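Look at the sequence and the model below.

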Amino acid sequence: QLLEKIPLFPADAKLATRAAGKDVLQPIAAEVPLLISGSADLHGSTLNYIAADKDFDQGNRAGRNLRYGIREHGMAAISNGVAYDGIFHASCATFLVFADYSRPSMRLAALAKLPVIYIYTHDSIGVGEDGPTHQPVETVSALRLIPNFDVIRPADPEETAGAFAAALERADGPTLLALTRQAVPMLNEASPQIRRAGVLKGGYVLVPETAPLTHILLAAGSEVQWAVAAAKTLGAGTRVVSMPSFLRFDRQPAEYREAILPASCRKRV
């Protein structure tokens, strides 16, 4: 199990999921030697650098980090070529808002069932000082519309571990990991094992109700913390479901989906 190779995070950690991704990537890269990484001139921000093997260049053919320059479309197209070849497992990174530049190649990856991993960071409207050009407020919704294209928005470091494992587990299509710029709290309402495994299924109960079920709050990524806070106000009959990946959840058996989102509870937000 790949997840067993990823150390647990401290219960009091407060990290951006892009920073958690950096910590998750290193043991994964050690276990998956054919995984390669790359960035569109943003390794310092996307934090997806495989530290053990440095850059691929003329002097280091064993390097597993490719420097693409500011060429998001070219980066995604090259990643498709790597995936078509079939020997290496391609991953690449930029800011999430720049998915628009790589979208044609991402869509082709979905059509061709290529297992490319996109580590796209600075998710959500809380991106900081760069303003509207770097605020991907509609980007996730647009990406979720692409058939056979898994989008995963992990809510904390443990969900981030599950997200990387889910992406590497998938062999019949691409996966995008939407990771935050800002720090998010640990969601200790559920154990690390439940959070990691829940991402593999696309959605899971993070906070169970402690009275007859009246409301279900669903959230993903950096907004899950606010759903947890809202549940405390709404009362003991409120369940919080973390839903990092719609498509992964849709692929689960009907029995599992009903257990998480029972049809009997109509009040869902």
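T94 sits in strand β4, which spans residues 89-95. Helices (H or I, at least four residues) and strands (E, at least two) are DSSP runs, numbered from the N terminus. T94 is buried, with a relative accessible area of 0%. Buried means under 20% relative accessible area, exposed over 50%, and partly exposed in between, with a 1.4 Å probe and protein chains only. Beyond its neighbours within four places in sequence, T94 is in contact with A40, L42, T46, E72, M75, I119, Y120 and T121. Contact here means heavy atoms within 4.5 Å.

This is a predicted model, in which local features need pLDDT of at least 70 and side-chain atom pairs count only at pLDDT 80 or more, while totals for chains, interfaces and linings use all residues. Residues are numbered from 1 along each chain as its sequence is written, and side-chain values use heavy atoms, with hydrogens and water left out.

Now take the sheet that holds β4. It is an open sheet of 6 strands, in the order β3-β2-β4-β5-β7-β6, with parallel pairing. The strands at the edges are β3 (65-67) and β6 (150-152); each has a single partner strand, so one side of each is left without a neighbour in the sheet. On average, neighbouring strands of this sheet are turned by 20 degrees against each other, direction ignored. Two strands pair if DSSP finds at least two bridges between them. Strands of a sheet pair through backbone hydrogen bonds, either parallel or antiparallel.

Within this sheet, β5 runs parallel to strand β7 (residues 175-180), and 6 bridges join them. Y118 has L176 in β7 as its bridge partner. Helix α4 packs on the sheet and touches β4, β5 and β7. The direction of α4 makes about 150 degrees with that of β5. Axes are lines fitted to C-alpha atoms, for helices over the stretch in contact, and angles run from 0 to 180 degrees between N-to-C directions.

Strand β5 (residues 117-123) also holds H122. This residue is not a glycine, yet H122 has a positive phi of about 65 degrees. H122 is buried, with a relative accessible area of 7%. D41 also has a positive phi, near 65 degrees, and is likewise a residue other than glycine. Is D41 buried or exposed? D41 is exposed, at a relative accessible area of 53%. D41 lies in the loop between β2 (35-39) and α2 (43-46).

Next come the helices. Helix α3 (residues 72-85) and helix α4 (residues 99-112) have axes that come within 6 Å and cross at roughly 20 degrees. α3 and α4 are therefore roughly parallel to each other. Angles under 35 degrees count as roughly parallel, over 145 as roughly antiparallel, 65 to 115 as roughly perpendicular and the rest as oblique. From α3, the residues E72, H73, A76, A77, N80 and Y84 meet Y101, S102, P104, S105, L108, A109 and A112 of α4. By class, this contact of α3 with α4 has 8 nonpolar, 4 polar and 1 charged residues. Ala, Val, Leu, Ile, Met, Phe, Trp, Tyr, Cys and Pro count as nonpolar, Asp, Glu, Lys and Arg as charged, and the others, Gly among them, as polar. E72, listed in this helix contact, is also one of the contacts of T94.

α1 contributes T17, A20, G21, V24, L25 and I28, and α6 contributes P157, T160, A161, F164 and L168. The residues of this contact divide into 8 nonpolar, 3 polar and no charged.P157 belongs to helix α6. P157 is buried, with a relative accessible area of 0%. Not counting residues up to four places away in sequence, P157 touches F9, L15, A20 and M186. The C-alpha atoms of P157 and G63 are separated by 27 Å, and these residues are 94 residues apart along the chain.

β9 pairs with strand β11 (residues 238-242) in the antiparallel sense, over 3 bridges. V205 has V241 in β11 as its bridge partner.
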